[in-house]
Amino acid sequence: MDAADLVAFVLVLGIIVVSLLSNIVVLICFVYNPEIRKQVPGLFILNLTFCNLLLSVSNMPLTLIGLITTGHPGGSVFCQIVGFLDTFLTTNSMLSMAALSIDRWVAVVFPLSYHSRIRHRDAVIALGYTWIHSLCFSTVATCRSWVGYHHLYASCTLCNVKAKGARTQFIIFTVALHSLTFLLTLIVLCVTYLKVLKVARFHCKRIDVITMQTLVLLVDIHPSVRQKCLDEQKRRRLRATKKISTFIGTFVVCFTPYVITRIVELFSPWPISPYWGVLSKCLAYSKAASDPFVYSLLRHQYRKTCSLLANKILKRSPLNSTSLSMENNTGRSNSNTTNNIQLPTNKPLGQ
């Protein structure tokens with residue numbers, strides 16, 4: 001194993017650890033908090049979490065073995081099963097992200113009719129489509145024996161070497177797979193989240209107008225308070241942009257190099273560097289580690305659930321800590337009050 005393989009090994013190992021821990025935490029929050037289970041997006045997040053967990057325990061460890069041995073990990077049948085899972089889980093997770101973006105678009109653009117437009121039955125239908133879509137492509141690839149160990153990516157996945165006798169069909173299949181998964185999901189993400197950003201900016205402008213009118217009317221307001229209001233305006237404008245950029249940016253950064261490499265591999269007469277192939281595969285794997293933070297753990301509801309679970313594990317009641325802090329604050333206020341009362345006794349009345 002050379003230095004590049006060692007770096008790739010450490011990178012994949014880190015992705016596995018982060019992906020397992022973060023997705024397990026999301027799953028625990030889903031089981032522990034009934035409010036999360038009642039929400040429609042919770043079904044999409046649950047499906048995405050299961051896909052990421054299965055990818056972390058099936059495909060990623062085999063890539064580690066492939067980097068160490070630089071050869072075929074396991075038998076051909078086992079590798080075909082893992083390759084089937086690679087196509088199925090990757091496609092399913094992409095479509096789950098598209099479903100989440102549609103859900104958020106409806107929630108922001110149609111807030112009053114959201115519950116009538118998006119119901120649990122609709123979410124189940126959408127998940128059924130993602131499963132059928134993923135099963136169709138992964139089953140076709142496995143039945144045509146187009147799945148095997150690919151040295152370029154050091155993993156069991158779609159392999160053009162296996163399709164020497166049906167190269168044209170394999171090219172059509174690969175282009176259709178990435179067009180109807182990656183490209184379709186990217187278009188849905190861009191359209192829905194840009195509409196969400198447009199609505200968010202519209203609301204920000206309305207709030208800014210009201211804030212500026214209030215600041216004009218309040219002539220005697222302290223300059224520090226005025227500055228805080230203006231700073232909050234800037235943060236409000238950037239907050240929605242950062243969130244939308246995170247949703248679209250992580251998808252593009254993680255999946256685009258791998259998909260482009262796949263397409264170039266079909267038509268390029270020159271060999272692709274295995275270092276680049278492994279790096280693009282690692283970037284695709286890293287989406288499984290970033291999804292829990294992008295879609296779940298950074299949200300207030302999940303953070304609150306994690307805090308409650310941490311207090312429960314540490315056997316620390318949040319009520320006791322709150323009451324203790326209130327007692328400390330009360331003690332400080334009482335001492336300050338006593339000092340304020342005692343100070344004037346040593347001064348003349350004129351002061």
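This is a predicted model: local features need pLDDT of at least 70, side-chain atom pairs count only at pLDDT 80 or more; totals for chains, interfaces and linings use all residues.
## Nonpolar cores

In soluble globular proteins, nonpolar side chains tend to be buried together. The largest nonpolar core of this model comprises 39 residues. Those with the most contacts inside this core are Phe 44, Phe 182, Tyr 193, Ile 244, Phe 251, Phe 255 and Tyr 295. At least two residues of the core come from each of helix 1 (3–32), helix 3 (41–69), helix 4, helix 6 (120–143), helix 7 (167–217), helix 8 (223–267) and helix 9 (274–297). Helix 8 gives the most, with eight residues.

Another core, of 22 residues, lies apart from the largest one and includes Val 12, Cys 79, Cys 156 and Ala 289.

## Cavities

The model holds three cavities of 30 Å³ or more. The largest cavity has a volume of about 140 Å³. Of the 14 residues in its lining, Thr 87, Thr 90, Leu 177, His 178 and Tyr 258 are the closest to its centre. Helix 4, strand 2, helix 7 and helix 8 are the elements that give two or more residues to this lining, and helix 4 gives the most, with five. By class, the lining of the largest cavity has six nonpolar, six polar and two charged residues.

The second largest cavity contains about 100 Å³ of space. Its lining is made of 15 residues, and Leu 55, Thr 90, Ser 93, Phe 255 and Ala 284 lie nearest its centre. Two or more residues of this lining come from each of helix 3, helix 4, helix 8 and helix 9. Helix 9 supplies the largest share, six residues. The lining of the second largest cavity divides into eight nonpolar, three polar and four charged residues.

## Ser 93 in helix 4

Ser 93, one of the residues nearest the centre of the second largest cavity, belongs to helix 4 (residues 76–109). Ser 93 counts as buried because its relative accessibility is 5%, under the 20% limit. A polar atom of the Ser 93 side chain lies 2.8 Å from the backbone oxygen of Thr 90. Beyond its neighbours within four places in sequence, Ser 93 is in contact with Leu 48 and Cys 51.

## Two residues with positive phi

Most residues other than glycine have a negative phi. Ser 145, in the loop between helix 6 and strand 1 (147–150), has a positive phi of about 60°. Ser 145 is partly exposed, with a relative accessible area of 35%.

Ala 154 also has a positive phi, near 55°, and lies in the loop between strand 1 and strand 2 (155–158). Ala 154 counts as buried, at 4% relative accessibility.

Definitions and conventions: Residues are numbered from 1 along each chain as its sequence is written. Side-chain values use heavy atoms; hydrogens and water are left out. Helices (H or I, at least four residues) and strands (E, at least two) are DSSP runs, numbered from the N terminus. Buried means under 20% relative accessible area, exposed over 50%, partly exposed in between (1.4 Å probe, protein chains only). A polar contact is a pair of N or O atoms within 3.5 Å; within protein, one must be able to donate a hydrogen and the other to accept it, and residues adjacent in sequence count only if both atoms are side-chain atoms. Contact means heavy atoms within 4.5 Å. A nonpolar core is a set of buried Ala, Val, Leu, Ile, Met, Phe, Trp, Tyr and Cys residues joined through side-chain atoms within 4.5 Å. On a 1 Å grid over the protein atoms alone, a cavity is a set of points where a 1.4 Å probe fits but cannot get out, and a pocket is an open set with protein on both sides within 12 Å along at least five of seven lines; lining residues have an atom within 4 Å of a point. Grid points are joined across faces, edges and corners, and a volume is the space filled by probe spheres set on the points. Ala, Val, Leu, Ile, Met, Phe, Trp, Tyr, Cys and Pro count as nonpolar, Asp, Glu, Lys and Arg as charged, and the others, Gly among them, as polar.
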